[in-house]
Amino acid sequence: MYVEGEALSSLILRNIEAFHTSTVPELCRLKLQEIIRHAAADGDIDFSYSEERLQCISESLELDLSTLEYINRAPSWGLLLAPCERVQFCPSCVREDLKFIRFPVWRLSWGYTHYTVCDTHLCPLQILKGEYRCNNPLYRINSVGRYIIDFPSETVGAGYSGEIARLVDTLAMVASNVQTQLDTWREQSQDERSDLFFSLLSAVLRAYMKPVDVPPYCYQLSKSLLRENVAPIASHGSSVGDLFFGHTKATSVTARMIGVVMTAVILDIASARAYWQNIVALFSDIGVLVPNNPTWLFTTCTGTADQGVRAWLTNSNGAKLNLPHFLLEELNFP
């Protein structure tokens with residue numbers, strides 16, 4: 001049985017490991033084990049399986065080949081996390097999986113950079129704690145199961161309280177609205193709008209442009225909010241596309257959620273500006289000053305003219321990026 005939105009690695013693993021529900025013959029199970037080992041060795045357990053392996057999976061699981069080809073195709077839309085960084089998940093989804101099918105299902109949507117709030121439960125995703133750099137689907141699924149046992153209070157949302165809880169809830173609500181808007185643009189094939197959003201988001205969430213650069217602003221705010229050091233280590237790369245390069249502990253869902261909201265505020269998407277003043281006030285309540293003006297926010301996110309994001313945007317084609325008018329003026333585009 002295929003669960004809508006399930007990653008191919010999850011589908012294979014369920015039929016290998018879930019003996020109580022799987023009807024796959026032993027010989028086919030051995031073939032599936034070999035396929036998943038090859039996928040791990042190739043570097044991506046969720047996508048890019050060969051046609052020969054897809055055919056074997058189709059025959060072993062008695063599933064339509066076209067369905068497998070569809071979920072095997074790496075998305076061209078949005079920003080996909082690197083394989084080793086796809087460790088964010090919704091505890092409430094996992095809890096329901098364990099209740100109804102007795103095995104966790106890994107969703108493809110959890111691998112998107114901008115996807116930080118569960119569409120079903122409207123709660124921020126959680127991140128696997130401790131060591132997480134692996135390309136082993138069984139390790140990933142087992143870690144999720146252990147997480148549910150070790151952190152039962154977080155199976156229905158993180159245990160925040162007071163001002164932090166209100167701030168996280170507000171950020172999550174805005175991020176959810178942005179995700180809905182992006183899905184609408186994708187369905188309507190409004191590629192220019194979504195491309196602009198992801199171009200700016202990739203810049204806002206950049207890895208270090210230089211070892212001497214300060215951490216991206218969204219990481220600074222996440223650290224102030226959660227008192228956790230979540231910034232990536234310095235990268236010597238020069239491309240803003242080098243997302244999440246060199247994380248030492250965990251990919252911060254909160255930092256990316258803040259980045260999504262700030263990008264939406266700058267571009268005036270999904271009524272984000274209407275909520276931003278409230279978000280600024282909530283940050284102020286915990287002693288963190290945040291720009292309340294989109295232009296100031298953009299300047300804070302991007303730094304000076306010779307640094308990372310600002311330099312990239314300045315050297316880019318403003319018309320091609322379809323930047324808002326105030327950004328074109330800010331960057332001195334003709």
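User: Which residue with a positive phi follows α3?
Analyst: This is a predicted model, and α3 spans residues 51–61 in it. The residue after α3 has a positive phi, near 55°, and is E62.

User: Which helices do the buried residues of α3 pack against?
Analyst: Helix α3 has several buried residues: L54, C56, I57, S58, S60 and L61. Their packing partners are α1 (8–17), α2 (26–42) and α4 (65–72).

User: Happy to zoom out for a moment. How many helices does the protein chain have?
Analyst: Two strands are part of the secondary structure of the protein chain. The rest of that tally is helical, and the count of helices is 15.

User: What percentage of the residues in the protein chain is buried?
Analyst: The protein chain has 334 residues, and it exposes about 15500 Å², with carbon and sulfur atoms supplying 51% of that area. A residue counts as buried under 20% relative accessible area. The buried share of the residues comes to 52%.

User: Among contacts with a separation of 6 or more, what percentage joins residues 24 or more positions apart?
Analyst: The contacts considered here are those in the protein chain with a separation of 6 or more. Residues 24 or more positions apart account for a share of 69%.

User: Why is C90 in no disulfide, and which cysteine has the nearest sulfur?
Analyst: The structure holds zero disulfides, and C90 is in none, its nearest cysteine sulfur being 3.7 Å away. A disulfide needs two cysteine sulfur atoms within 2.5 Å, so the 3.7 Å between this pair is too far for a bond. The cysteine with the nearest sulfur is C118.

User: Now the charged pairs: how many salt bridges does a search of the whole structure find?
Analyst: One example joins the side chains of E26 and R29, at 3.1 Å from N to O. A further example joins D42 and R53, at 3.0 Å. The number found in the whole structure is 10.

User: In the pair of E26 and R29, which helix holds both residues?
Analyst: E26 is partly exposed at 46% relative accessibility, whereas R29 is buried, with a relative accessible area of 7%. Residues three or four places apart in an α-helix point the same way, because there are 3.6 residues a turn. E26 and R29 are three residues apart, about one turn, and both lie in helix α2.

User: Which helices hold D42 and R53, the pair that meets in a salt bridge at 3.0 Å?
Analyst: The side chains of D42 and R53 meet at 3.0 Å, N to O. The pair links distant parts of the chain, 11 residues apart. D42 is exposed at 58%, while R53 is partly exposed at 21%. D42 lies in helix α2 and R53 in helix α3.

Key: Residues are numbered from 1 along each chain as its sequence is written. This is a predicted model: local features need pLDDT of at least 70, side-chain atom pairs count only at pLDDT 80 or more; totals for chains, interfaces and linings use all residues. Side-chain values use heavy atoms; hydrogens and water are left out. Helices (H or I, at least four residues) and strands (E, at least two) are DSSP runs, numbered from the N terminus. Buried means under 20% relative accessible area, exposed over 50%, partly exposed in between (1.4 Å probe, protein chains only). Contact means heavy atoms within 4.5 Å. Accessible areas come from the Shrake-Rupley method with a 1.4 Å probe; for residues, only the protein chains shown count as cover. A salt bridge is a side-chain nitrogen of Lys or Arg within 4 Å of a carboxyl oxygen of Asp or Glu.
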